[in-house]
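Here are a few exercises on how two chains meet. Take a look at the structure, try each task, then compare with the worked solution.

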Amino acid sequence: MMEFMDTAESSKGKVIAWITVIAAVVIVYLVMTARAHNTSANAIPAASGTGNTTSSPLTNAGPGSSNSGQGSTSPSSSSSYKDGTYTASENYDVPHDVEGLSVTLTVKGGSVDSVSIKQTASNRDSQEYQDLFASNYQPYVVGKKLSDLQLNRVSGASLTSEAFNEALARIASQAQA
Amino acid sequence: MATGTAFRFEAIGTKWSVELLGGCSEAQARQVEATIRHRIEKFDKVYSRFRKDSLVKRIAGKAGTFRMPPDAGPLIALYEKLYQMTDGAVTPLIAATLESAGYGAGYSFQPGQVVAPPAWEDVLSWDAPELALKRPALLDFGAAGKGYLADLVGEIIKSHGTEYFYIDAGGDIVCRSPAGQPFEVALEHPADPNSAIGVAKLQGGSLCGSGPGRRKWGDYHHIIDPHTLQSPKDIAAVWVTAENGLLADGLTTALFFCPPAELQEHFEFEYAIVRPDMALEHSPGFPATFFTTD
């Protein structure tokens, strides 16, 4: 992998590869650590292997526990995920600089509730690569009731007129007949 | 948020809501409302393919050269660009296809023999303000017309002295908020009108949304691919923010046919796409937070 670093044309591909590897490693650590007992919640993830990366300790801001993760130990089944919010940050080398990327996920009711990525690049090229990663990373959306959100402005597919709705209802009933 | 007045009405086949922020007397608001509704009627009378008395209906009756009103310039110019970029997929000549699929004035929604639209160069020639038709053809401006009309309504509001406003043209938004007080707009869940999949924050410009959720019948919805004569099935909902409604609305349609990256080479906009499996793709600058799960 060291050979990559010397080739100008593949430097862009190299940075994207780094970001993807690091983010994947971070996400795997987060998920694996979410399963672990409370006492290991503070474990510092092992270095990702090659290259120069530094990581901050995995922090669990779980419900009722302090940031140091020293809350009470609850009995855990072998497949349970401990509810809470987990954040891991990684720094990675880019030419002449160090950039960072942080991933946060929340575990609720035993499964991953949301994942978000925080881009902290300051260098313009790094911003572009992090943008590329963020826009290609694939989250799935879920719905929240409008009544819970207390928002009265909505945007979506064009609202239809009464005449339109009546026509659709008419053909639907014809189809059922 | 400053107090203001709001009014709602139905026009051009959809539901409008207009909010005027700041001090505006009841009488002034009524005046603005009247001007807006008159302008919308005037627009509809030119561009609607659903009315017997429209210019578009007259154009469909015989070939010739037609003098279009001044507002046609930006609208037809955008259609020309999108036609090229989408390889003919976005076209005003899609009217024939939509009508043959059942989406016409009578709202029959009974597809007959679905026909492909003719190529632009075979029928149309645009040299503002003159639109020349080599043969009669029905035109549809639904891809960008509503967003454009919302822009025109915004101009009316500003000319009446109201600086901050929120126009909702059936889910397409044109607005201007006071500094530091962006409008929060729920992004409607493609399959559940009582839910949202995120919240957008708008300072100004336009947010337009499109999707097959409402206008669908049988195997079709309101967007039909001229090359396959089928409605695209890989998008559940799409939103675009751009400087104005004309662009944002036109691009929501274009995104059914063209990858965002290609369109971004020519236009400045942000987008969000929700796939049928609820996967989300969006540009980093799209001004919303989404409710997501992995």
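## Exercise 1: A charged pair

In this predicted model, A:Glu162 and B:Lys15 form a salt bridge, with 2.8 Å between the closest N and O atoms. Find how many salt bridges there are between chain A and chain B, and how many residue pairs are in polar contact.

**Solution.** Start with the cut-off: a salt bridge needs the side-chain nitrogen within 4 Å of the carboxyl oxygen, so the 2.8 Å of A:Glu162 and B:Lys15 qualifies. Next, count salt bridges between the two chains: there are 3. Finally, turn to polar contacts: 22 residue pairs across the interface are found, both partners at pLDDT 80 or more.

## Exercise 2: The side of chain A

Work out which element gives the largest share of the side of chain A that touches chain B, and how its residues divide by type.

**Solution.** First list the elements of chain A that supply at least two residues each; among them are strand S5 (111-119), helix H2 (124-136) and helix H4 (162-176). Then pick the top contributor: H4(A), with 8 residues. Last, sort that side of chain A by type: 18 nonpolar, 10 polar and 7 charged residues.

Definitions and conventions: Residues numbered from 1 in each chain as written. Chains lettered and ligands numbered in written order. Predicted model: local features only at pLDDT ≥ 70, side-chain atom pairs only at ≥ 80, totals over all residues. Heavy atoms only, no water. Polar contact = N/O pair within 3.5 Å; in protein donor to acceptor, adjacent residues only side chain to side chain. Helix = DSSP H or I, 4+ residues; strand = E, 2+ residues; numbered from the N terminus. Nonpolar A, V, L, I, M, F, W, Y, C, P; charged D, E, K, R; others polar.
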